[in-house]
Amino acid sequence: MADLSVNVGGIRSPNPFWLASAPPTNSGYQVMRAFEAGWGGAVWKTLGDPIVNVSSRFGGLHVEGVRMVGFNNIELITDRPLEDNLREMREVKRAFPDRAVIASLMVDNVKEVWQEIVKRVQDVGVDGFELNFGCPHGMSERGMGSAVGQSPEFLQLATEWVVEVAEVPVIVKLTPNITDIRYTARAAAQGGAHAVSMINTINSLIGVDLNTWTPIPNVDGLSAHGGYCGPAVKPIALNMVADCARDPLVGIPISGIGGVSTWQDAVEYMLLGASGVQVCTAVMHHGFRIVEDMIDGLNQYLDGRGLSSAMDLVGKAVGRVVNWGDLNLEYKVVARIDQDKCIHCNKCYIACEDAAHQCIDRVADGSGQLALVVDEEECVGCNLCAIVCPVEDCIEMARVDAGGQALSWRERQAL
Amino acid sequence: MSKSGATESPPAHRLDQSVHRPLTKAEVLTEAQRCLYCYDAPCVTACPTHIDVPSFIRKITTDNVTGSARVIMDANPLGASCARVCPTDDLCEGACVLGKDASPIRIGDLQRYATDWVRERDIDLFSPGTLTGKRVAIVGGGPAGLAAARELARAGHEVTIYEANEQLGGLNTFGIVPFRLSRDVALWEAEQVVKLGVAAHTGVQVGKDLSIESLTNNFDALVLAFGMGGVPPLKIPGEDLQGVWDAIDFIAKVKSGQSVGAIGDRVIVIGAGNTAIDAATCSRRLDAQNVAIYYRRTANEMTAYPFEYDFAKQEGVEFRWLCAPMRILGEGNRVRAVEFVKTRIELSDNSKHAFPIPVPGTEFTVEADTVIRATGQSRLSGLLDALHIDHDDGVVRVDQQMRTNRQGVFAAGDCSFRRGVGDAMVVAAAEQGKIAAAAVHRHLLAADESGQRRGELRG
């Protein structure tokens, strides 16, 4: 059994799986249930001046029968009194001293206000803070959330105020609704943050009801843009995590967020530089119990690879993310179709024919069926056929170059 | 006459209880989403009418069910019936690429869903074409005739169907057991054709109620689609006894809700084709306790589909192989028993044919309250002779375009079905009707160019 414990900017937890600040961490009752199920940490639903929520708050993106591939919400920060939250946080921490309890905070961007809430909250014994500079909806209209997170200067200022009085590590949660997340990540680091977490939700409008023409979610016939999350956002988040992980000017640990549903997702985040992950949508879909397989699967994976600690994964793939101009132009793969496995759905054929390079031929093979044969001379190795193929391991992308001297575009330009 | 068991009025609930239930909407969506949407899909090739299966399934997933049904019915005017009666294991589902590593898509059930959807909502899918002024008569309003009529009406021709039965639909309305295909479905399909402006004269037997000349003088083209006749006699003593049925008549009565009288507890069905299975399972659902199929060959030679055979066994039908009927015994004028002789199989030199040879001294008698003959169907050659149409013992000779030897006269469906050439399936009849209609259309266009006089068959 490998050691699953992680350390995210000084915040320790027995496993890398934290609940993100969101509806599942709204109350002590919920966080207790989560910790009983095995979650390593929980970032409490954002504390601040209590707000009033609308009714009808979520929307789901369902794709070809798969529910909640994407998810969006227009719910705001906690609508419960601060005293209630603080009392429950204290109780939870007492019941589960080994788990990480992190308080997410969002207040008016005023020094005194920030410092007052930090002092009040850290009295209950939280393990860290997460500053919510990410929520793109509602609160941003009031100058909070992503409104701060989109301005490196404001973000750094607020971070400095908090760090000044905080006695526990401070994580800054970043918004993806920005051109280059490294600038705000650097600002957080400059401001003294101990870690950054990313990504918060993406600006989104999840859909329109085809019968009523009301955008979703419907609040009395109207809707507003919300924050988008769930499995569909993972690639966006992974890119941002990797960008920050390989930026020396950021240089602080990362808590990865965005579509984590399985241990495999977590491994990917950690390989790209995250020290741990936060989960919300998958829990909203399936409940806290999913953590059991996340822990079990990660254990099996680490054992299978002979790794003794989950932290051994952190950043191992970061060095392999480079600029396009540094990729080897001499590397060449081509598609090879396993004729024994092929079921002749012709998905690869039509995809290549209509959308790629017309290099799969349908050839009579004498059996009465048309075999799908790749013209390797024409194949550019784009992977499309292998991606659309419904049969596992039927199409292999085989390396065909001689494996000689690599040549990148950057090097080629210099020749 | 046996007293117990079968009742006078059929217990409608069992007879009408579908062999298998329709899929729920949730099941339909799950199944439809499983479809790979193959390119140049083998299921399309395997369908005799070439329904664009991936297209109709995808339309189900996008909640375009009317569009889905339109794809189905466009290719196959009997698409709702075929969804229920097609031997899909041999056709679309047998060709599904998913069958290699997993289970094939339940194409028939999805087709049933889409066609039921428009049927239940009374949605019309097609409209007649711009009138051409050409008149076409179709003899027979079964699957082939309806398919031809639908296509010709869409092409703008004025179509008249003459149907001997009181209702359209042929085999679908009268010949397929209600628990496999309800009359509602068959009649809805016919109604869709009639709605295109097709004139349907039912209860009209051509050659008897209507002269041959009125056909040849009043129409520009003629499509023969009159199917087949009843079950030919066994040519054994006792066939005229009460309680001895022609399977076709028997099923037609049951399906029409007419009384077949008390059939008793013991029913013997002679023959082992799909009609025999239908007669036997019908009898079971009429509460006959003891229903047995007697066949002079073995399970290897029987023509019933494997799924029909399985179904019959599930329904409690027994099978007795290698038994040939010698005579039907009566008590008064009512059937009492059948005497059989055991047979053995002798193969022809090339092993292609299995001849049943009676084994002397093995005669035995089985008591029965009802005997149903189901040993094939006879051919109707009278009309063919009257029209001077070439045929082989009642099988119309047609070319690839379903043209007969006589210009302007076409044939489709069972009347042109040749044993050993394909299967006499509803879906095949539908396709032949379409092919015949296309040939008629070409013929009429060509006739226009050559200045043929209107309303008269040439040749």
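This is a predicted model: local features need pLDDT of at least 70, side-chain atom pairs count only at pLDDT 80 or more; totals for chains, interfaces and linings use all residues.
Student: Okay, so what makes E6(A) and E14(A) a pair?

Tutor: Strand E6 (residues 66-73) of chain A and E14(A) have 3 bridges, and the rule asks for at least two, so they pair. Their sense is antiparallel. For one spot to look at, find Asn72(A): its bridge partner in E14(A) is Tyr228(A).

Student: Where do those strands sit in the sheet order?

Tutor: The order is E5-E6-E14-E11 in chain A, an open sheet of 4 strands with antiparallel pairing. From one strand to the next, the twist averages 45°.

Student: Why are E5 and E11 of chain A said to stand at the edges?

Tutor: Each has a single partner strand, so one side of each has no neighbour in the sheet.

Student: Over in chain B, how do you know that E5(B) and E6(B) both pair with E13(B)?

Tutor: Count bridges again. Strand E5 (residues 244-246) of chain B has 3 bridges to E13(B), and strand E6 (residues 266-270) of chain B has 4. The rule needs at least two, so both pairings count. E5(B) pairs with E13(B) in the parallel sense, and E6(B) and E13(B) run parallel too. Opposite Val371(B) in E13(B) you'll find Val244(B), and opposite Arg373(B) stands Ile270(B).

Student: Which residues of E13(B) point which way?

Tutor: In strand E13 (residues 370-373) of chain B, Thr370(B) and Ile372(B) point one way, while Val371(B) and Arg373(B) point the other. All of them are buried, so each must have 20 or more other C-beta atoms within 10 Å.

Student: Why is Ser56(A) called partly exposed?

Tutor: Ser56(A) has 13 C-beta neighbours inside 10 Å. Exposed needs 12 or fewer and buried needs 20 or more, so 13 puts Ser56(A) in between. Look for it in the loop between strand E4 (41-47) and strand E5 (58-63) of chain A.

Student: And what makes Asp122(B) exposed?

Tutor: Asp122(B) has 8 other C-beta atoms within 10 Å, and the cut-off is 12 or fewer, so it counts as exposed. Asp122(B) lies in the loop between helix H8 (107-120) and strand E1 (135-139) of chain B.

Student: What is the phi of each of these two?

Tutor: Positive, although neither is a glycine: about 80° for Ser56(A) and about 60° for Asp122(B).

Student: Which peptide bonds in chain A are cis?

Tutor: Among them is the bond joining Met198(A) and Ile199(A), with omega about 10°. Ile199(A) is in the loop between strand E10 (195-198) and strand E11 (202-204) of chain A. Another is the bond from Ile216(A) to Pro217(A), with omega near -5°. Pro217(A) sits in the loop between strand E13 (215-216) and strand E14 (226-229) of chain A.

Student: Last one: how many residues make the contact between the chains?

Tutor: Chain B gives 12 residues and chain A gives 10. Helix H2 (residues 25-34) of chain B supplies the largest share of the chain B side, 3 residues. By class, that side has 6 nonpolar, 3 polar and 3 charged residues.

Technical notes:
Residues are numbered from 1 along each chain as its sequence is written. Chains are lettered from A and ligands numbered from 1 in the order in which they are written. Two residues are in contact if their C-beta atoms, placed from the backbone, lie within 7 Å. Ala, Val, Leu, Ile, Met, Phe, Trp, Tyr, Cys and Pro count as nonpolar, Asp, Glu, Lys and Arg as charged, and the others, Gly among them, as polar. Axes are lines fitted to C-alpha atoms, for helices over the stretch in contact, and angles run from 0 to 180 degrees between N-to-C directions.
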